[in-house]
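Keep the sequence and the structure in view while reading.

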Amino acid sequence: MDRAKLYRRFRTLLIANRGEIACRVIRSARAMGLRTVAVYSDADRDAMHVAMADEAVLLGPARARDSYLNIERVIAAARQTGAEAIHPGYGFLSENAEFAQACLDAGLVFVGPTAAMMTAMGSKSGSKELMEKAGVPLVPGYHGEAQDEVTLTKAADKIGFPVLVKASAGGGGRGMRVVNAAGELSAAIVSAKREAKAAFGDDRMLIEKFVQNPRHIEVQIIGDSHGNLLSLWERECTLQRRHQKVTEEAPSPTLDAKQREAVCAAARKAAAAVNYVGAGTIEFVSDGKEVFFIEMNTRLQVEHPVTELITGVDLVEWQLRVAFGEKLPLKQDEIRLNGHAIEARVYAENPQKNFMPSVGRIKTWRTPDAVDGLRIDAGYRDGDAVSPYYDAMLAKVIAWAPTRQAAIERLNRGLEETDVRGIVTNIPFLSALITHPNVRANTIDTGFIERELKKLTEASGAAGDLELCAAVAAIVNEEQKSAHKDSPWQTFGWMPVGRRQRVFSFRQGQGAEHKVTLHYGSGPMTLSIGKHEFVFATSPSDDDSFDLTIDGMKSRVVAVIEGHELYLRTRSGRFDLHWVDPFGGETEEQVGEDKIVAPLPGTVVALLAEEGATLEKGAAILTLEVMKMEQTLRAPFAGVLKKVKCKVGDIVGEGVELAEIEPAAS
């Protein structure tokens, strides 16, 4: 293959992705003087990456297979805009060898490895055979071509339970199941195959010994077309949930200097087995004593910013320079390790409802300034819609500091100062996770989150006096903003003589009402809560934050009012309060417990029980695919499945009734 066709300088780059990674690539490409082209689906017409790019091309309908996964349409968009190169980001087509080859055939530079490299290392089973020949240590397992259930069952029995059933293609925890006993294997294979087929178009499976109490270590590598191959230290990604990374840090706090050099050398050896060109990640699992190769990701990783912060390297810039045909700017002994970095992934999901994805329109988007070692990589902003069609990640909050403990503190501060409203996010969960004593002490493994889930997903505490005072202040400030500027009433409740009072009622969740009485008039405003009375003052601002002074103590408060719903962030945490309508008449629509409804828009991918079946509480009824992940809906109580109101393949909206259960006779 003529290297000039593979790697050459270009001026226009098309980013075949969306969300945070598309925005990330656009920033580096623009800094290098490149013209950028975005692609988008019907669901992403007003998305942030579309607004950032110099040009944008509509690919098609919202479903990924009709837009971001449609190779012909992506290639056509490049031709239409004069783009000479394509950056695939991560996810979607980033590890699709057919796409890499299609780019080459169309005369486009693919910013990544060749199709042959991708095929060799992108297949989990194929790469393991290659690593075995190269002498890289492997987890015991079955990586063969035969995919019938009998073969897979025999392999699992030979390896010994527990085993990990895992999709040969793709990643991100999709098509992956831990199987603890032989009786669970058949159902796990069927489910994993279905999920892998939907996510990657490939349902081939491999089976590995499940390493108990494992740690996940990975090494960032990058190679150029001149034979240079570098490792940029390692990352630890042990904190996971359902095989998906939640936080990542670099360097690993688990490895010492000798282990660090050994694992980096093994990673370079693995990549050298295919003369790798481009950015990639060699992933390992450790049992605390040994480190085993598990797979290679032939693309940029979500967590690449932590490596950038400890090395000072812009990995996207280096990817583009490699695609230009340039040599890597540094040699191995010039890659310095400086300080510690840690990243948290912000998702549109509800941790208190089993991390159910959250969709809707973002009404408030506030992030702290990217200063003092803090970095925010976001793909959304105020007013953007979060749809059910794609991955639920909104942004990444990343912090660097000289030490790990300082980095954790800085990250937590960044999370605490991030407010996203209109949808539910996992931000409080992330704060609870990174400040957990075991995380601080690094006494964790990949099962840690599941074991500590109850503690990590506890609801915020009860609103105290500070929060109730802040709620009144927020309402007062809102009313002040609405008052005529030249009127004396711009100061709430101004009166030349006398005093009046106003009673506010707030409710937190389904709890009791809390009453707060505001006294105002000729003297200073005061608030009464029960038997306590506070001197009260507030200084409104143009944004959602303000200073609140209670009995001489000033606090900074963030408040967002949406009708009668109030979101507050104080020094005590985050709180959601409902301002009870003073004129009454409030009602709440309840869905009967005997109805199984779609919690979010999705596609019915499996019916797991038949009409007339007797169900135990928690029995699986059907499976929905939501945001590329499967969600199984279960019986809320024991009873009989009276009616199934959907079929496999149905696309259903949020709140649509899918099944009806008749409670068991008492």
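Which residues does Ile-529 touch, not counting residues up to four places away in sequence? The residues are Asp-465, Leu-468, Cys-469, Lys-515, Val-516 and Phe-534. Keep in mind that this is a predicted model.

**Ile-529**

- Ile-529 sits in strand β28, which covers residues 526-529.
- Ile-529 has a relative accessible area of 11%. The cut-off for buried is under 20%, so Ile-529 counts as buried.
- Gly-183 is 346 residues away from Ile-529 in sequence. In space, the two C-alpha atoms are 59 Å apart.

**Helix α5**

- Helix α5 takes in residues 97-105. Its buried residues are Phe-99, Ala-100, Ala-102, Cys-103 and Leu-104.
- At the start of α5, Asn-96 points a side-chain oxygen at the backbone of Glu-98. That oxygen comes to within 2.9 Å of the Glu-98 backbone nitrogen.
- Gly-107 follows α5 and has a positive phi, near 80 degrees.

**Helices α6 and α7**

- Two packed helices are described by the angle between their axes and the distance between the axes.
- Helix α6 spans residues 115-122 and helix α7 spans residues 124-134. They pack at an angle of about 85 degrees, and their axes are 5 Å apart.
- The angle makes α6 roughly perpendicular to α7.
- On the α6 side, the contact is made by Ala-120, Met-121 and Gly-122. On the α7 side, Lys-124, Gly-126, Ser-127, Leu-130 and Met-131 take part.
- By type, the residues of this contact are four nonpolar, three polar and one charged.

**The buried side of α7**

- Which residues of α7 are buried? They are Lys-124, Ser-125, Ser-127, Lys-128 and Met-131.
- These residues cover an arc of only 160 degrees around the axis, so they lie on the same side of α7.
- Just after α7 comes Gly-135, with a positive phi of about 80 degrees.

**Glu-248**

- Glu-248 is a residue of strand β14.
- Is Glu-248 buried or exposed? Glu-248 is buried, and its relative accessible area is 0%.
- The side chains of Glu-248 and Arg-345 are joined by a polar contact of 2.6 Å.
- Residues up to four places away in sequence aside, Glu-248 touches Glu-236, Cys-237, Glu-303 and Val-306, among others. Its contacts also include Ala-341, Ile-342, Glu-343 and Arg-345.

**His-436**

- His-436 lies in a loop, between α14 (427-434) and α15 (437-441).
- A polar contact of 3.1 Å links the His-436 side chain to that of Glu-452.
- Beyond its neighbours within four places in sequence, His-436 is in contact with Phe-448, Glu-452, Lys-455 and Leu-456.

**Cis peptide bonds**

- Phe-161 and Pro-162 are joined by a cis peptide bond, with omega about 5 degrees. Pro-162 belongs to the loop between α8 (149-159) and β7.
- Ala-250 and Pro-251 are also joined by a cis peptide bond, with omega about -5 degrees. Pro-251 is placed in the loop between β14 (247-250) and α10.

- Trp-233 is not a glycine, yet its phi is positive, about 65 degrees. Trp-233 is part of strand β11, residues 229-236.
- Asn-354 is another residue other than glycine with a positive phi, near 55 degrees. It is in the loop between β18 (349-350) and β19 (356-357).
- Asn-354 counts as partly exposed, because its relative accessibility is 41%.

Definitions and conventions:
Residues are numbered from 1 along each chain as its sequence is written. This is a predicted model: local features need pLDDT of at least 70, side-chain atom pairs count only at pLDDT 80 or more; totals for chains, interfaces and linings use all residues. Side-chain values use heavy atoms; hydrogens and water are left out. Buried means under 20% relative accessible area, exposed over 50%, partly exposed in between (1.4 Å probe, protein chains only). Helices (H or I, at least four residues) and strands (E, at least two) are DSSP runs, numbered from the N terminus. A polar contact is a pair of N or O atoms within 3.5 Å; within protein, one must be able to donate a hydrogen and the other to accept it, and residues adjacent in sequence count only if both atoms are side-chain atoms. Axes are lines fitted to C-alpha atoms, for helices over the stretch in contact, and angles run from 0 to 180 degrees between N-to-C directions. Angles under 35 degrees count as roughly parallel, over 145 as roughly antiparallel, 65 to 115 as roughly perpendicular and the rest as oblique. Contact means heavy atoms within 4.5 Å. Ala, Val, Leu, Ile, Met, Phe, Trp, Tyr, Cys and Pro count as nonpolar, Asp, Glu, Lys and Arg as charged, and the others, Gly among them, as polar. The arc is that of the directions from the helix axis to the C-beta atoms.
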